[in-house]
Structures are given as structure tokens and as C-alpha cells.
Amino acid sequence: MKNLHSIMLDKEKCKGCTNCIKRCPTEAIRVRNSKARIIDQRCIDCGECIRTCPYHAKYAITDSLEEINKFQYKVALPAPSFYAQFEVDDVNKLLYALLELGFDDVFEVAKAAEIVTHFTKQFILSEKNKKPIISSACPAVVRLIQTKFPDLIENILPLASPMEVAAYIAKKKIHKEKGIEEDKIGAFFISPCAAKMTYVNSPLGFERSYVDGVIAIKDVYGLVRSKLREIKDVKPLSIASGKGIGWAASGGESLALEIEEYVNVDGIHNVAKVLEEIENGKLKDITYFEGLACSGGCVGGPLAVENPYVAKNRIKRLSSKLKDKEESLSAWTEEIINSFSLKLEDVLFEKELETNPVLELDSDIERAMEKFEKVNNILNMLPGLDCGACGSPTCKTLAEDIVRGFANDTDCIFILRENIKELANKMVELSNKLPPSLERNDE
């Protein structure tokens, strides 16, 4: 499995505090020689370490705004959460602001979300997947399943994400209307999270992505704010409805589906707990599971700017405001689908998702069982405090690291202390011992 990650470590800023190793959902971080180290094969780019690090030593690599100039025609794909970053009376001003930044066109990912909702409804009715069907919208959650819950891969909705659908339609539309070749059209997602950048580098379910770059919301936030001061009267550009924009917050995707048997969960650790329940056979009566890695949904992404609770409230108000226009805005969805003759098959995954066997002790089952037994033996020797002083997240991961040859038992401060105590006792014993020629026999 190819790993092209967007989460990086700044070693100069890292203090080796071990905060990050406790929060990583896949235990992908170790601290060695007073510096954190990210294990690429385990990392799912959820951004939890970015939020957790008090020294800002974790950061996300995204594209700069200058990258758009490599293309003849530049189109912005603003995430639904983009709208929630600003207090504006008209979202059209935000779209005009993006045009002022150098983009030639804008295609709202919120509108693509409505299209994905349309085909998700069809897929649910087809009853092709195991229940509950798990949303594939959040790439971090999909990678979490590949890594920790591989038995649930069959449950994942095999549909392209709204970002991918937006890029696909935008390029087809521009080529059709303006005659510009698709490879000269640059589609750039304005993103609240790092996981989308990883997706573009290493797509899930597809050979390649139609998205050409990912720009962090925080990197254009100041520029957009400055442009908003200059924008007064604007013509309608936005065609997204409240249902599409609602995807920005947890539960928005499920509400758009208009079904009753669903569960929506936000926060990667909460998602992991519910996935474990699903894996154990509970929640079988649920039709759909919406899991989002960030707290509050995409509005809580590490590359967003606004407080997630404030942002979530703005999404709610904006969705409510657009309710009166729901019928006319929904008509746009049907028009786009019909215009490009889109069918369910057009947005289905091109290839099956692979498991990420990095958590396995060995690919050979017999050797894996032997190593598992060694792990348990070592684990019985460890204190079970999960203090993290050894640089591994838990005593169990330290035991696994020892078996894999990445650590030693003396990395545990408690075992080291016992060894030193034992060595000290032997030193005392040896210090009292005399050579045989000097020993006295009192008998």
C-alpha cells in the first residue's frame, strides 16, 4: 500500500513530551531520543497529533495558492466548511472572493455532496453492501478501517467523495462549455483537513484523483477576509442547498439521506469505539453509519480557522436560511446529473479497498502466534500503567515493539529500576567478597 502522507514532524520544535503518542488512534507515533517519530505505515493523517501537540511540532503539507498558476484554467472547490469560517450575509461574496484570489471558476463541493447523496440513496436501495453501510466521505475514517478494522471494509460505501465528484464534474463542465482540455484545468480543493491531501496523493478506490491540489482554509483565510471588504454587490453564483452545505457538520450527511436508521459520530476516538461495536455484531439494525474524524465534523478540521462550535452554528443557520430555496436549488442537482448523464456506476469505486496489515505481528500465521505469545509474556512483566515514559503509547505497544525488535525491555523505567536494584545488590555482595587466599576459616 502506497503511503504519501501529509502530516509531518518538525524535529526542531518537538520536545519529546509524549502527548501525541497518547492521542494517536493507530498508535503511529513513538518517542525516541527525545523526539517523536511517525510510523508512516500506521499513520492515517487524521490530524489528531496536530491538535494535540502544544509545541506545534506536527504540521500538514498542502499546496500553496501559487500552484494554481501552473494551469491554464483554475477552478476552486470550496468545502462546505469553508462557508462557516466567515460571518457573511451572502455566501456568493465568498465565492467571488475566491475568484479575486486568481481562480477562473468555482464549483461548490456542497453541490457535489447533494449529488453523492442522490446516488447514496440509490445504493442503499440496491442492498448491495453489508449493514450498516459506512460512509466513505472521510478518508481518515476509511484508512482507520483499513488499519484497525479490516473486517469492516466490505461495509464501506464504495462511492466517490463529494470532493472527487466536484472535481470530475467541474472539469467535464468546463471542457464542454469552453473547449479547454481537461489536463489544462486545475481543480483545487479548499480544505479543512490534511487527510484530503493524502487522498489526492494516494486515492481510495480509484487509480487517480481528478483533484490537482489541496489548499488549506487557513492559508487563504486572511486573503479572503481582505477581499470581502472590497466586495459589495454580487450576482448569484452559489447553487448549493442547505442539505449540501449541512455536510460540513456532523450528522449533515445522514440528515440529507432522509432515513431514520442511522448513527453519526464525530471525533476519531469516538468513531473507533463505534466501529468496534459494529465489528462485534452490535448495531445490525442500523442502515447507515456516518463517521467523521474531526470533532464536530469537518468544521473542526485542523486546517480550519473558526471555532468549531461557532462554525457549526453558522452551518445550521445557513442551512435553515436556504430551506425556502430547497426546491429550486435541488433542481440544479437533477440538471447536473442529467446534463452529464451521470449514473450510479459512474461514481462507484474503480478498485477494491485494501487492508493495511501493519498491526499484524507477522504475515505467517504460525510465526504470528509465536510472537503473540511472546508479547503476552512480556506484557505480564510490564507494570500495565501505560505511562508512555518508554516512548511507546501503552505497555502493550511496548511489548509488541520489543518482539518486533524496535525496543528493549529496559526501555520501561520500572524494569530498568528493578535491574539497577538487582545490579546494586550484586555489587554490594561482590564488594564483601575476598579472594580465596585471604578468606579466613574461623573453625
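A: Start with what an axis is here: a line fitted to C-alpha atoms, for helices over the stretch in contact. Angles between axes run from 0 to 180 degrees, taken between N-to-C directions. Two packed helices are described by the angle between their axes and the distance between the axes.

Now the pair itself. The model is predicted. Helix α4 spans residues 109-126, and helix α6 spans residues 162-178. Their axes come within 8 Å and cross at roughly 105°. Angles of 65 to 115 degrees count as roughly perpendicular, so α4 is roughly perpendicular to α6.

Which residues meet? From α4 come V109, A112, A113, I115 and V116. From α6 come P162, M163, V165, A166 and I169. The contact of α4 with α6 holds ten nonpolar residues, no polar ones and no charged ones.

Next, the wider picture. The domain assignment gives domain 1 (7-60), domain 2 (65-346) and domain 3 (365-432). The centres of domain 2 and domain 3 are 46 Å apart, taken over C-alpha atoms.

Another helix is worth a look. Helix α16 covers residues 395-404. Eight of its ten residues are buried, so α16 is largely enclosed by the rest of the structure. The buried residues are C395, T397, L398, A399, E400, D401, I402 and V403. They pack against β2 (29-32) and α15 (365-381). After α16 comes G405, with a positive phi near 90°.

Definitions and conventions. Residues numbered from 1 in each chain as written. Predicted model: local features only at pLDDT ≥ 70, side-chain atom pairs only at ≥ 80, totals over all residues. Heavy atoms only, no water. Domains from an automatic or database assignment. Helix = DSSP H or I, 4+ residues; strand = E, 2+ residues; numbered from the N terminus. Parallel < 35°, antiparallel > 145°, perpendicular 65-115°, else oblique. Contact = heavy atoms within 4.5 Å. Nonpolar A, V, L, I, M, F, W, Y, C, P; charged D, E, K, R; others polar. Buried < 20%, exposed > 50% of the residue type's maximum accessible area, 1.4 Å probe, protein only.
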